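Student: I would like to go through the terms used for this structure and see what each one rests on.

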Amino acid sequence: MTRGTRKRQKEMMSFRDSMAPGQRVMTASGYVGTIVEIGDDLVTLESEPGSRTQWVKAAISKPYDSVSTAMDTETHSETDGQEQAGFVVPDDVSGLITKPGEDTTRRDEDTK
């Protein structure tokens, strides 16, 4: 084994030893849940209230940070809640549908 591989294994072992109930984690297969109970070799995860499954400790790969949490930490400048990523979301789709023979060129006044 290379030094990097041994280092990653030690990090994974220390993470698995430090797991605690209430922590959100992700398994190697992508299952996300909150730790409810930790046994010698098994970890009980709950994805939704009442939906519990048991996993082998070795299957838990990392702590889970949801995408929405990661996006909340980034700074976004939204003026009215509709502008995001440089485009405006229309109130209805009627302005998005073009009819045959209709002029499809947009003027600057239309996009404001």
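Predicted model: local features only at pLDDT ≥ 70, side-chain atom pairs only at ≥ 80, totals over all residues.

Student: Why is Thr27 called buried?

Tutor: Its relative accessibility is 1%. Buried means under 20%, so Thr27 qualifies. Thr27 is found in strand β1, residues 24–27, and touches Leu45, Trp55, Ala59, Ile60 and Ser61, leaving aside residues up to four places away in sequence.

Student: What makes the pair Thr27 and Ser29 a polar contact?

Tutor: Their side chains are joined at 3.1 Å, and the cut-off for such a pair of N or O atoms is within 3.5 Å.

Student: Why is Met1 called exposed?

Tutor: The relative accessible area of Met1 is 67%. Exposed means over 50%, so the term applies to Met1. Met1 lies in the segment before α1 (3–17); beyond four places in sequence, Met1 touches Arg6 and Gln9.

Student: How do you know that Glu46 and Arg52 form a salt bridge?

Tutor: The closest N and O atoms of Glu46 and Arg52 are 3.3 Å apart, and the limit is within 4 Å. A search of the whole structure finds one salt bridge.

Student: Why does Glu46 count as partly exposed?

Tutor: Glu46 has 22% relative accessibility.

Student: Which residues make up the largest nonpolar core?

Tutor: There are seven: Phe15, Met19, Val25, Ile35, Val43, Leu45 and Ile60. Among the residues that Val43 touches are Met19, Ile35 and Ile60.

Terms used: Residues numbered from 1 in each chain as written. Heavy atoms only, no water. Core = buried A, V, L, I, M, F, W, Y, C linked by side-chain atoms within 4.5 Å. Buried < 20%, exposed > 50% of the residue type's maximum accessible area, 1.4 Å probe, protein only. Contact = heavy atoms within 4.5 Å. Helix = DSSP H or I, 4+ residues; strand = E, 2+ residues; numbered from the N terminus. Polar contact = N/O pair within 3.5 Å; in protein donor to acceptor, adjacent residues only side chain to side chain. Salt bridge = Lys/Arg side-chain N within 4 Å of Asp/Glu carboxyl O.
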